[in-house]
Each structure stands twice: as C-alpha cells, then as structure tokens.
Amino acid sequence: AILAGGYATDKATKLSSSYLLHYMSDGGFRKSAPWMESLASELTAVDRTNPSKKFKAPLINLMPKRHLILMAAIDFDSFTGAPSLLFIQNPITYETKSFKINDKDDDGLEKYLQEQVKKHTISIVDEGNPLNTVFQTAQVSFVTRDAPFSFTSGFESTPPLKALLDKYGYNRESVDTTRMPEMTVTFVDADPAREHHRQYSEPGHVHASLVSAAKSRDEPFATDLHLPAKDWCAKYADIIRATAHSVFADAAEVTKK
C-alpha cells in the first residue's frame, strides 16, 4: 500500500485496511467478523508447479505469495505514435522479457504471464468452502509509467492486448467467484512509488548498494516518460527495491524500541 499509494505510513495503513476489507468480502468471509480474525483463518496453500505440495498457514501470511509484481513499460513508434514494444521485468528475480506489439497476436504475452504465475505464486484453497475459488486466482500487478493514460491506451488500442485485458482485467463486467480466472491483471502507476522513494533517500536508510543503484538512475524525473521501456523498468525496479528495504529498516527500528 505504501509503494502503490505513495502515502505516509498512517494513510497507507488506512488504504491497506480498505483493501483488506474489500478482499475479505470477495473471499466470502462474514461481514460481522473482525478482518484480523478473517486474516488469521488458516487456509491451504498449493504449489502451482507441484499441486501435491500443500501446507496450511494463516491467510495474512499467504496473501503476498499469490501476488506477482512486474515492472512494465511501452515503447511507442516515433513516427506513427503507435505502441510498438512492451517490456516487462520481474523486480525480484530480475527476469526480463520484451514483446512486439501488433494487431495479429500478443507475441506470447499471455503464455509468459501464465508461466510467471506458475513459477512465482501459490494457489490458496478454502477447504471450508470449496465453491469459493477467489483465493486461487493470482493477482498480477503491472507497475507502469503513466498507467491511467498512455499505458492503458496502448493496451486498449491493440486488439490482442485488449482481448487479454478483457479476459484477465480486474474490471471485468461480471465476476463469478465460483469460476475465477487463473489470474487477475491490474495496472499500478509508478509515480507515487517515485515520490515515496524521495522521502526515503537519506544516507544510511537503505543498503549502500541499493542507494547507489537508485541514485545512479536519479536523472530529472521529467525525463522518465522518454526513457526506453527497458531502461525505465530497470530504474523503477531499483527504486521500489530501495524503498521497500528502507520501509523494512524503519519497521525494524520501531520494533527494537
């Protein structure tokens, strides 16, 4: 919530609470039950690559494991202005992949996302309510530049990408929680994460190597929209890793006190 919302910790907590309440509602938990009680409920985690591997744990510990965050940016043709290339980077594993944008097919994007979901997320089974499959769906978030405008437009103006968004997009017209798709795709704008990074850039706040990596890419932020997609993804992956480390460092200091 801090990275996606770009807020101070107290506002981020409110945003997290709102998100979790909505999440609990989608998951079929009783509205009268405190959400912390719902999050403490033990559900079964299933390995997507080996379904025979299972274990039980509180939902709050399992939720992050069904969420896949990917950096994503689009390059546009300098002459026509049409989207020409989609670049994706996993900020945790450093895996990268580029896709040519065309009107014929998605250049393997759907298959790639399915593979990433299988490798890096778990499925969460509610054995007490087998008909509820909402937790089995992986949450895929594209952290992008200019998410509400040029990035979304790039997807929606290209038939194969629009078809993929219609199939997996969070804002599908109808949602049946008993027949959820294997993943849900959402777009998150990176601008708030950049602003939050500025608040956590003081020396000593983060691991030296991460500070160096983030600051080496600290050219004027106004130029970010003009960076090649590959360079933009690398820069913001550094920023998010540095900010996440600083947040954890702060939390550790608070715990010590």
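Q: What is the relative accessible area of D47?
A: A quick word first: this is a predicted model, where local features need pLDDT of at least 70, side-chain atom pairs count only at pLDDT 80 or more, and totals for chains, interfaces and linings use all residues. Residues are numbered from 1 along each chain as its sequence is written, and side-chain values use heavy atoms, with hydrogens and water left out. Buried means under 20% relative accessible area, exposed means over 50%, and partly exposed is in between (1.4 Å probe, protein chains only). D47 counts as partly exposed, and its relative accessible area is 22%.

Q: How many helices and strands does the protein chain have?
A: Helices (H or I, at least four residues) and strands (E, at least two) are DSSP runs, numbered from the N terminus. Counted that way, the protein chain comes to 10 helices and 8 strands.

Q: What is the strand order in the open sheet of 5 strands?
A: Two strands pair if DSSP finds at least two bridges between them. The edge strands, each pairing on one side only, are β5 (96-100) and β8 (183-189). The pairing in this sheet is mixed, and the order is β5-β4-β3-β7-β8.

Q: How many bridges pair strand β3 with strand β4?
A: One bridge to look for puts D75 together with its partner L85 in β4. Strand β3 covers residues 67-76 and β4 covers 83-89; they pair in the antiparallel sense, and the number of bridges is 6.

Q: At about what angle to β3 does helix α5 run?
A: Axes are lines fitted to C-alpha atoms, for helices over the stretch in contact, and angles run from 0 to 180 degrees between N-to-C directions. Helix α5 (residues 109-120) lies across β3, β4, β5, β7 and β8, and its angle to β3 is about 155 degrees.

Q: Which strands stand at the edges of the sheet of 3 strands?
A: This open sheet has antiparallel pairing and the order β2-β1-β6. Each edge strand has a single partner, so one side of each is left without a neighbour in the sheet; those strands are β2 (54-58) and β6.

Q: Is S123 buried or exposed?
A: S123 belongs to strand β6 (residues 122-125). Contact means heavy atoms within 4.5 Å. Leaving aside neighbours within four places in sequence, S123 is in contact with T44, A45, V46, R48, F135 and Q136. At a relative accessible area of 10%, S123 is buried.

Q: At about what angle do helices α6 and α7 pack?
A: In this pair, G154, F155 and E156 of α6 meet L161, K162 and L165 of α7. Helix α6 covers residues 147-156 and α7 covers 159-168; their axes are 6 Å apart and the angle is about 100 degrees.

Q: How far apart in sequence are the parts that D224 and K235 tie together?
A: The side chains of D224 and K235 meet in a salt bridge, at 2.7 Å from N to O. Both of these residues are buried. D224 lies in the loop between α9 (208-216) and α10 (229-256) while K235 is in helix α10, so the parts they tie together are apart by 11 residues.

Q: With which residue does D238 form a salt bridge?
A: Both partners are buried. They sit 3 residues apart in helix α10, which means a separation of about one helical turn. The closest N and O atoms are 2.6 Å apart, and the partner of D238 is R241.

Q: Near what value is phi of D146?
A: Most residues other than glycine have a negative phi. D146 is found in the loop between β7 and α6, and counts as partly exposed at 23% relative accessibility. Its phi is positive, near 55 degrees.

Q: In which loop is Y94 found?
A: Y94 also has a positive phi, near 70 degrees, in a residue other than glycine. Y94 is in the loop between β4 and β5.

Definitions and conventions: Salt bridge = Lys/Arg side-chain N within 4 Å of Asp/Glu carboxyl O.
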